[in-house]
Amino acid sequence: MTTIETPPTQPGTVPDRGPARRLRLRDVAVVDWVAIVVVAFLVLAVVAPGLLTPYDPLRPDSNAILQAPSSAHPFGTDYLGRDLLSRVVYGTVRTMVGSAIAVVIGLGIGTVLGLVAAYFGGIVDAVISRVVDVLLSIPGLLLSMVIVVALGFGAINAAIAVGVSSVAVFTRLMRSETLTVTALPFVEASHHLGGTRRQVLIRHVFPNSYTAVLSLTALQFGLAILWISSLSFLGYGAPPPQPEWGLLVAEGREYVVSAPWLVVVPGLAITVSVLAISRVSQFVRERVLP
């Protein structure tokens with residue numbers, strides 16, 4: 001009986017895993033479907049919130065003050081008679097856009113700093129690493145509060161503060177991945193073939209280092225939602241009467257006994273959104289990507 005030997009994998013190369021397994025709908029778990037539907041609603045609320053509710057989130061109604069959830073107002077109304085569903089839907093825009101800004105800032109700056117620190121080493125690596133250590137020693141939410149106080153209150157400034165607070169996490173991960181890639185033989189071979197530092201960094205090191213950093217993006221997006229909502233709850237984010245999830249919870253806490261839906265509904269929106277985004281990112285990483 002003859003055997004076929006598999007050729008050895010060359011150092012510095014990624015072994016061929018073959019074609020990606022075809023994803024079948026019946027293989028998708030119910031939890032994944034629920035998460036996908038939730039994320040789809042979040043996207044729709046950001047793109048076209050008017051399709052999900054007919055009410056103006058800023059218009060009060062003296063005849064509908066603190067009404068319990070009903071067919072006319074599925075999530076009830078607040079202390080001014082404003083429809084809570086409308087305020088939650090329109091609040092999705094501010095929360096999601098702010099979280100996206102924060103993640104883009106953290107990902108962009110952190111990727112560049114981590115890449116430069118690991119590849120050039122020496123004094124550059126030492127300085128960036130010490131700055132990262134200092135940032136990581138401070139709780140993220142506390143650092144965000146300090147930054148937003150320095151910048152001034154507001155939704156955009158809160159997003160910038162959260163983004164700056166997450167730079168250290170992306171920097172450390174990118175530095176670790178870059179150090180791993182630069183130690184591989186194909187990087188050294190690129191230098192011997194005449195590639196400059198800039199060419200090797202852009203063409204070889206970065207494309208092989210950013211995958212793990214992108215995987216962190218979805219988790220950091222969920223964390224950004226929590227931090228931005230927390231800043232708004234404390235009064236550092238969007239000012240009233242603008243709808244924002246954290247601000248809605250802050251406004252509803254005064255009526256937690258008489259109208260608990262004012263706290264429960266936006267709180268559930270925050271929780272379910274973070275869990276759904278994390279679940280979908282895990283599903284894409286494990287079942288869709290090869």
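What follows is a friendly conversation about a predicted model and the reasons behind the labels used for it.

Visitor: What makes up the secondary structure of this chain?
Guide: The chain comes to eleven helices and zero strands. Of its 290 residues, 38% count as buried.

Visitor: Why is the pair of Y79 and Y255 called stacked?
Guide: The ring centres of Y79 and Y255 are 5.5 Å apart and the planes make an angle of 10°. Y79 sits in the loop between α1 (30–47) and α2 (84–120), while Y255 sits in the loop between α10 (245–252) and α11 (261–288), 176 residues apart.

Visitor: Why does Y79 count as partly exposed?
Guide: Y79 has a relative accessibility of 27%. Buried requires a value under 20% and exposed a value over 50%, so a value in between is called partly exposed. Y255, at 25%, gets that label too.

Visitor: How do you know that R82 lies over the face of Y79?
Guide: R82 is placed 5.6 Å from the ring centre of Y79. The distance limit is 6 Å, with a further condition of 35 degrees from the ring normal. R82 is listed as lying over the face of Y79. R82 also belongs to a network of salt bridges with D78, R87 and E251.

Visitor: What makes the pair of F153 and Y236 edge-to-face?
Guide: Here the centres are 5.1 Å apart, with 85° between the planes. An angle over 60 counts as edge-to-face, which means that the label follows from the planes once the centres are within 6.5 Å. F153 is in the loop between α4 (140–151) and α5 (155–165), and Y236 is in the loop between α9 (210–234) and α10.

Visitor: Why is α10 called mostly covered?
Guide: Eight of the eight residues of α10 are buried, among them W245, L247 and E251. At the start of α10, a side-chain oxygen of E244 comes within 2.8 Å of the backbone nitrogen of G246.

Visitor: How do you know that R175 and D125 form a salt bridge?
Guide: Their closest N and O atoms are 2.8 Å apart, and the limit is 4 Å. R175 lies in helix α6 (residues 167–182) and D125 in helix α3, so this pair ties together parts 50 residues apart in sequence. D125 counts as buried at 14%, whereas R175 is partly exposed at 27%.

Visitor: Which salt bridges involve D133?
Guide: D133 meets R130 at 2.9 Å, N to O, and R172 at 2.6 Å. R172 is in helix α6 and D133 in helix α3, 39 residues apart. R130 and D133 both lie in helix α3, three residues apart, about one turn of the helix.

Visitor: What makes the nonpolar surface patch?
Guide: F120, I123, V124, V127 and V131 make a patch of about 430 Å². Helix α3 (residues 122–136) gives the largest share, four residues. V127 has 46% relative accessibility, and patch residues need over 30%, so V127 passes that cut-off.

Notes. Residues numbered from 1 in each chain as written. Predicted model: local features only at pLDDT ≥ 70, side-chain atom pairs only at ≥ 80, totals over all residues. Heavy atoms only, no water. Phe/Tyr/Trp six-rings, centres within 6.5 Å; stacked < 30°, edge-to-face > 60°. Helix = DSSP H or I, 4+ residues; strand = E, 2+ residues; numbered from the N terminus. Buried < 20%, exposed > 50% of the residue type's maximum accessible area, 1.4 Å probe, protein only. Patch = residues over 30% accessible without salt bridge, like charges linked within 9 Å, V, L, I, M, F, W, Y side chains within 5 Å. Areas by Shrake-Rupley, 256 points an atom, 1.4 Å probe, with all protein chains shown as cover. Salt bridge = Lys/Arg side-chain N within 4 Å of Asp/Glu carboxyl O. Polar contact = N/O pair within 3.5 Å; in protein donor to acceptor, adjacent residues only side chain to side chain.
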